[in-house]
Amino acid sequence: MSAADLGDEALAGLFARPGRMSLTVLGTVIGLAALVATLGLSRTAGNRIVGRFDELAATEIVVSRSNTSTPEESVLPWDSPERLERLNGVVAAGSMSTVDVVGRQVSTSPISDPTRQTEFNLTIQAASPGLFEAVRAQLRSGRYFDPGNSDRADRVAILGPSAALKLGISRLEQLPALRIGDDIYLVVGILDGVARQPGLLGAVIIPEGTAQRDFGLRSPELVVVETRIGATQLISQQIPLALRPDSVRGLRVAAPSEPKRARDLVQKDLNVLFLMLSGVSLLVGAIGIANVTLVSVIERTGEIGLRRALGAARRHIAFQFLLESATMGLFGGILGASLGVLVVVGVSAYQSWTPVLDPLVPLVAPLIGAITGLVSGTYPALRAARMEPVEALRAG
Amino acid sequence: MNLRPIIEIRDVGRRFGVEPPFDALVGVNLAVHAGEWVSITGPSGSGKSTLLNVLGLLDVPTSGTYHLAGTDVRALNDGQRAGLRSREIGFVFQAFHLVAYRTVLENVMLGDVYRKGPRRQRAGHARSALERVGLGHRAAYMPTRLSGGERQRAAIARAIMGSPSVLLCDEPTGNLDSVTTAAVLDLFAELNKGGLTIVMITHEADVAARADRQVRIVDGRLTEAA
């Protein structure tokens, strides 16, 4: 029996019941469409997430004191932001410090109301005027404080959105004030959000000069630097020299992690989940093919007997049924891959994303389908091949 | 007549089961020469079908020897037996065994699929086989549209498709009315006249009478009919 004959016989057997074949193939179609779509969508979405994350993370450097150095070696100078802004490639720089207020509470009311909480234990952050740009802060109302406020040690404050909500301050028209311990601060601005240093969202932010005078802040705790894209590695090397030429090892410079690794990690998590789902669909499809091929073998017992009588060896019978089930899997794979690509393109078009799909995925999917069909058809095919021709002819 | 018979079985036995064993064939000897038409008759359960299955290489005897066209079939494995079967034997069954989802022409062509014949000439050969049995005009039909007699003639066309040495017929007229039976037997007579060896099992005496030679089998033992 030639391969062409085998192909003819298998296809004829397959298309003998087109309705049943279509329904059987449906399981594989769904499984492989899910596989291709999930791989494509996770890649597309992952690229999207990572794309946003990259742009933010790839331009950020945080300079802080090194734990391994003595306090003297690691002190950040007050003019750190000004020094760094002189470096080519730095877009903005600002320093910030958590202020130790020694248990002082923050309140907006001059009197203590016993029925409700009027005093809060809020974080007080000291910031240089340039910090707001460096953390990409957005202002809901009011203004940022300026270098003059810091130089004069004015008692002004900017509230993070959570802090403002807690203190009940939403408008600035009536010049609201708050008290930190016994000192009164004028609220000049309320933040809407920050892209970096989320700790600022719940904090009361005061000028560094003020923190220095009122709370004895001795030096900035960290400096946040925004660079141009691609400049972080170079700037990271220059920062210690710019800030502490006398003790270049005293500072800790945190440059962004390799973005590609972060993307791979995100995708790995997504893919494992989606691949499991696709695997389950594919398994259901495989069971469907196995079941229908088995039914087909039983229904065609007489035909198997006839073929044996016409001179088919056991292997011819086995190959025919294997080819039928593998072809079903292959069809399922081709249709599933096409459907999956359509889903990826459709969802991407709807979301205005750029569809990203490994070109190997839609090519390998039909192969996976064919292998699924082949594996599913193995037991029915062996069963068909093991039939004794005499019994098969009698049963048919 | 050739010196060596085309079918030669000596002392063939076929035993089924073990507790208790059942002997379907006991010490059967039969020689069929090329060009003979032999009918095998016997009551139900006498071993007719078992003998035909052994002759057609669909079953293996438990004892004795069998030479088909000069080949000792005991030494062959499953694949070799299938090859010999496809070359030397054509089957005609009571139930026709046409594949319902193929056309009449494709059913006849199926007779050549498991031989190593050239694909290109297959359709032509099938058409001439159909012409030979008088079914040329039904080539494109599906088997379900054919009458019983036409179905059996299509099955005969399939059996003679590859010019086998022997035609083995298992109750070929069992499902046919008397007029169609006569037509099919006339066809067998014509094929036999053309040199085809025919071995036919039947339980109908008038059908058996059309053969050159009749043998009878009772309880697995073969006797030459008078």
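**Strands, sheet and a helix residue**

Author: Strand E9 (residues 213-218) and strand E10 (residues 221-224), both of chain B, are antiparallel partners joined over four bridges. The model is a predicted one.

Reader: Which residue is the bridge partner of B:Ile217 in E10(B)?

Author: E9(B) covers residues 213-218 and pairs with E10(B) in the antiparallel sense. Within E10(B), B:Ile217 has as its bridge partner B:Leu222.

Reader: Which residue takes a positive phi in the hairpin of E9(B) and E10(B)?

Author: Two residues lie between the strands of this hairpin. The positive phi, near 50 degrees, belongs to B:Asp219.

Reader: In what order do the four strands of the open sheet of chain B lie?

Author: The pairing in this sheet is antiparallel. Strand E2 (22-32) and strand E5 (71-72) of chain B are its edge strands, each pairing on one side only.

Reader: Which residue is the bridge partner of B:Leu68 in E5(B)?

Author: Strand E4 (residues 63-68) of chain B pairs with E5(B) in the antiparallel sense over two bridges. In E5(B), B:Leu68 is bridged to B:Thr71.

Reader: Is A:Ile371 buried, exposed or partly exposed?

Author: A:Ile371 is placed in helix H13 (residues 360-386) of chain A. A buried residue needs 20 or more neighbours and an exposed one has 12 or fewer. Because A:Ile371 has 15 C-beta neighbours inside 10 Å, it counts as partly exposed.

Technical notes. Residues are numbered from 1 along each chain as its sequence is written. Chains are lettered from A and ligands numbered from 1 in the order in which they are written. This is a predicted model: local features need pLDDT of at least 70, side-chain atom pairs count only at pLDDT 80 or more; totals for chains, interfaces and linings use all residues. Two strands pair if DSSP finds at least two bridges between them.
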